[in-house]
Amino acid sequence: MLIRVITALIFLMVSTVSMADLTIEINKGNDDPVPVAIVPFGWQSGLTVAEDIASIVESDLHRSGQFAPLSRSDMLGRPRNSTEVYYRDWKSLGVDYVVVGTLSQEVTGTITASYELLDVNTQRVILAGKESVSIDTPRYLAHTVSDKIYEKLTNIRGAFRTKLLYVSAVREGGNRTRFRLLKSDIDGANESVLFDSREPIMAPTWSPDGQKIAYVSFETMRPAIYIQDLRTNARTQLTSFRGLNSSPAFSPDGTKMAMVLSKDGSPDIYVMDLATENLQRITNHFAIDTEPAWMPDGKSIVFTSDRGGKPQIYKVELSSGSVERVTFEGDYNARARVLADGLGLVMVHRKNGNFHIAVMDLKRNRVEILTTTNLDESPSVAPNASMLLYATQYDGKGILAAVSIDGGVRYKLPSRFGDVREPAWSPFLQ
């Protein structure tokens, strides 16, 4: 069954597409979002910035589903700092919080955003900050401001500065297809090609420090695992064993990698020490064991296995090799990804013949379905565990979509030109 799923995934990735260009379409937010106003930032005379910083902050907060930004056309004023704010104006518009700020250019070639977050109801400044970046990275500046505001208002660390990996494919004519591994900001901006090939690319994943990635490439005409350094773009082929080489997963400390190999018979979970390349076989079963994911303490791994007849999630203790079954609800559970606190996991769950993304509370053994689409796959969790990204089908093509961990917020990231698959959300990058 799992081999057929892998084969089907490769087939789905091969479609007639052009270069991916993700867009954001919000289709569900919280029922009671917080009303905020992000006032356009004032500029130092003579300063030219390629991006509208306040607009990006507004989009970030809106996309979280937890905030309802006020339209600029409804603003009664455009204050640049707290001394210019007339709280009664914003209160009359039903706004709870206002963000104001100014941009200036430093002699070092950087731009600085000085900003304040104001509580309209208490009429006080609750956050004041100053952030500086290179003048050619204004979007990073905006996402930094978004992170600070989001954390202040929710007590959850913001993840707007994180990145996404995903795979697209381009039909070049005849039977030729070019696959691309892409990286972008989480809103689809700043997209770049990390690797392209005429053979499939699968299962991209991040190292814990965000400096390296691993993925499976078929460029040698059989699957092999590669590591790529994002600072230098240098690539290293890590495995080329006979049979399957798939599902790479860095350990929480980045020193080891779990993977699936079939070199000794049926697919099993192995762990490689990345410094010595010593290999340890973790499972040894005639069934198919695949899709490993580390528990946060690095002492155990969850994985998918059909050893019970149908795909379910199991956990193996690395020290003892003891294996226990984790999921029992439903006849199909696969591709588990563990939440940062280790108390839950997200997975692909089949119900009434449809594949959805679900979250499981490991303490209560409770499963909650998060998505309403079908053919959902490849979940990847944001490092602050507030949202997760997955691949699905929409209007006959493959897209990426996101849902909050409580299912209350949903948005789509379709490509303007075709299919995208295999998303991977980065860790915090600083």
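## Basis

The model is predicted, so local features need pLDDT of at least 70 and side-chain atom pairs count only at pLDDT 80 or more, while totals for chains, interfaces and linings use all residues. Residues are numbered from 1 along each chain as its sequence is written, and side-chain values use heavy atoms, with hydrogens and water left out.

Helices (H or I, at least four residues) and strands (E, at least two) are DSSP runs, numbered from the N terminus.

## Helices α2 and α4

Helix α2 (residues 53-63) packs against helix α4 (residues 138-154) at an angle of about 45°, and their axes are 9 Å apart. Axes are lines fitted to C-alpha atoms, for helices over the stretch in contact, and angles run from 0 to 180 degrees between N-to-C directions. The angle makes α2 oblique to α4; angles under 35 degrees count as roughly parallel, over 145 as roughly antiparallel, 65 to 115 as roughly perpendicular and the rest as oblique.

On the α2 side, the contact (heavy atoms within 4.5 Å) is made by Ile 53, Ile 56, Val 57, Asp 60 and Leu 61. Among the residues that α4 supplies are Pro 138, Arg 139, Leu 141, His 143 and Tyr 150. The contact residues divide into 10 nonpolar (Ala, Val, Leu, Ile, Met, Phe, Trp, Tyr, Cys and Pro), two charged (Asp, Glu, Lys and Arg) and two polar (the others, Gly among them).

## The sheet β11 to β14

Four strands form an open sheet in the order β11-β12-β13-β14, with antiparallel pairing; two strands pair if DSSP finds at least two bridges between them. Neighbouring strands are turned by 25° against each other on average, direction ignored.

Within this sheet, β12 (residues 212-217) and β13 (residues 224-229) run antiparallel and are joined by six bridges. Ala 214 stands opposite Ile 227 in β13.

## Ser 207

The loop between β11 and β12 contains Ser 207. This residue is buried (under 20% relative accessible area; exposed is over 50%, partly exposed in between, 1.4 Å probe, protein chains only), with a relative accessible area of 5%. Leaving aside neighbours within four places in sequence, Ser 207 is in contact with Lys 212, Phe 250 and Pro 427.

Strand β23 (residues 333-338) is mostly covered, with five of its six residues buried. Four bridges join β23 to the antiparallel strand β24 (residues 344-351), and Val 338 has Leu 345 as its bridge partner in β24. The two strands form a hairpin with five residues between them, and Gly 342 in the turn has a positive phi of about 75°.
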